[in-house]
Amino acid sequence: MDRLFQKKKRTALLLLAFLLPLAALGAPQRLPSGIELSFAGLDNASNLTEDYLRQMDRLITEYFRAENISRPVPLRLVVDRKIEGAAVLSMTPEKLELHINDSGYRIFRDHNARRKLFAVMIACRLGKVPPLQYPEIFLPHWIAVALGREMVARQTEVRILRSNLYYPILRQIPLPDGLPVFRSFVGIDPNALPEEALDFYVECARLLFHASLGVSTRSANVLAEYLLLRAEQQERPEEIIFDAVLAPRFAAAVRQGIEEKDEGARAQAYLGRIGRRSAFNRNFPRPAGDGYAFWRRLQRIEEKKPLYELPFLAGNPHYEQMRRNVTESILELAEESAPDIRTALLLLRQRIEKMDALAPSAASAQLAQAIAEIEALFLRQVQIERVLDITQSDLTPVYLPKRTPPGDFLSSEEAAELDKAQAEFIR
């Protein structure tokens with residue numbers, strides 16, 4: 001019995017010794033989505049290349065998952081340094097085969113090469129066979145750029161920047177007016193842009209990409225619909241595909257606060273809101289000087305009356321609209337402010353919504369107290385950011401008013417607190 005066991009053991013070891021070199025020489029593997037992966041020859045970079053391709057596969061599976069997607073087209077990826085160029089697509093009787101050259105990692109670093117790889121992998125996932133000679137036409141530049149930036153983010157950024165997108169250029173321009181008209185943006189080829197414009201293009205592409213994800217559902221993947229319609233109508237301008245798929249979804253996502261009736265204008269307004277919320281939020285607050293200027297403007301309601309007099313305007317025919325506009329503006333500012341200012345603004349918004357239950361004088365006193373607290377918080381935050389030199393004052397002018405008397409509507413303690421804050425922070 002022992003002799004038989006030893007014989008079987010030797011056979012198993014010999015078989016293992018035979019199979020391991022075969023695996024090293026390029027035996028096929030499978031990525032999580034089912035794509036076949038093999039290496040034509042042995043090279044030192046195979047592990048890095050395989051890790052990158054697996055990450056790409058996970059990214060595509062995450063972003064292009066939907067219940068209504070057709071059966072995927074079988075695909076084999078072959079890492080082959082002997083081919084000319086970055087990637088060559090061919091068709092075998094059983095499946096599509098994409099040979100990629102990972103020399104110098106150009107396939108992963110160069111936009112055009114990476115676009116071709118993404119296009120083939122996404123097309124096969126969506127059940128489409130891309131053109132063999134020009135497969136990248138399946139994927140518009142802006143989606144390829146956004147996906148490339150997502151790959152960079154997942155490899156290099158800290159965890160908070162993966163789930164909370166950071167847009168440094170958008171933070172420096174007037175929003176939403178500084179954003180491009182996205183209907184025209186989708187047709188831009190980044191290869192034609194000057195180098196200094198590329199970073200802004202990347203941020204806008206990523207913003208549009210995540211806005212599209214935001215209006216998708218489990219049963220209706222908007223990005224997948226966009227690409228499938230684009231594959232059927234390759235000769236149509238990119239703007240027409242935008243009008244057919246993205247614009248209606250963005251326009252429908254607008255719930256309130258936007259008066260535009262035209263679908264395209266509503267879509268652009270929605271993207272403007274997304275731009276503001278992406279550039280300024282609780283993790284990356286708006287510079288305090290900019291927020292303070294907005295806050296000062298917000299305090300003047302109809303006929304330039306101070307905000308704390310709003311309860312006395314209950315008989316005004318525009319009262320409800322005034323109150324709605326104020327609460328929406330406060331919420332917008334709160335979403336873009338530092339945590340302590342955000343909390344105080346939300347408390348003010350709550351008091352405005354419930355002030356009809358109080359006598360006008362009592363409600364006005366409550367509003368005045370909340371306004372004084374917010375005023376002090378803003379002034380303190382402006383000074384803190386000045387000390388830390390993070391106000392970006394060369395990009396966003398800091399607005400500080402002249403020192404003014406506290407006013408009769410405050411109690412003596414509140415007036416003293418506000419006067420102390422102004423004395424400390426307003427020079």
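1. Helices are DSSP runs of H or I, at least four residues long, and strands are runs of E, at least two long; both are numbered from the N terminus. A314 lies in the loop between α12 and α13. This is a predicted model: local features need pLDDT of at least 70, side-chain atom pairs count only at pLDDT 80 or more, and totals for chains, interfaces and linings use all residues. Residues are numbered from 1 along each chain as its sequence is written, and side-chain values use heavy atoms, without hydrogens and water.

2. A314 is partly exposed, with a relative accessible area of 47%. (Buried means under 20%, exposed over 50%, partly exposed in between, with a 1.4 Å probe and protein chains only.) Which residue sits 8.7 Å from A314, C-alpha to C-alpha? That is P360, 46 residues apart from A314 in sequence.

3. Now the two helices. α12 covers residues 288-298 and α13 covers residues 319-335. Their axes are 11 Å apart, at an angle of about 170°. The pair is therefore roughly antiparallel, a term for angles over 145 degrees. Axes are lines fitted to C-alpha atoms over the stretch in contact, and angles run from 0 to 180 degrees between N-to-C directions.

4. Contact means heavy atoms within 4.5 Å. From α12 come G291, F294, W295 and L298. From α13 come V326, S329, I330, E332 and L333.

5. The protein has 16 helices and five strands. Of its 427 residues, 46% count as buried. Take contacts between residues at least 6 apart in sequence: 62% join residues at least 24 apart.

How values were computed:
Parallel < 35°, antiparallel > 145°, perpendicular 65-115°, else oblique.
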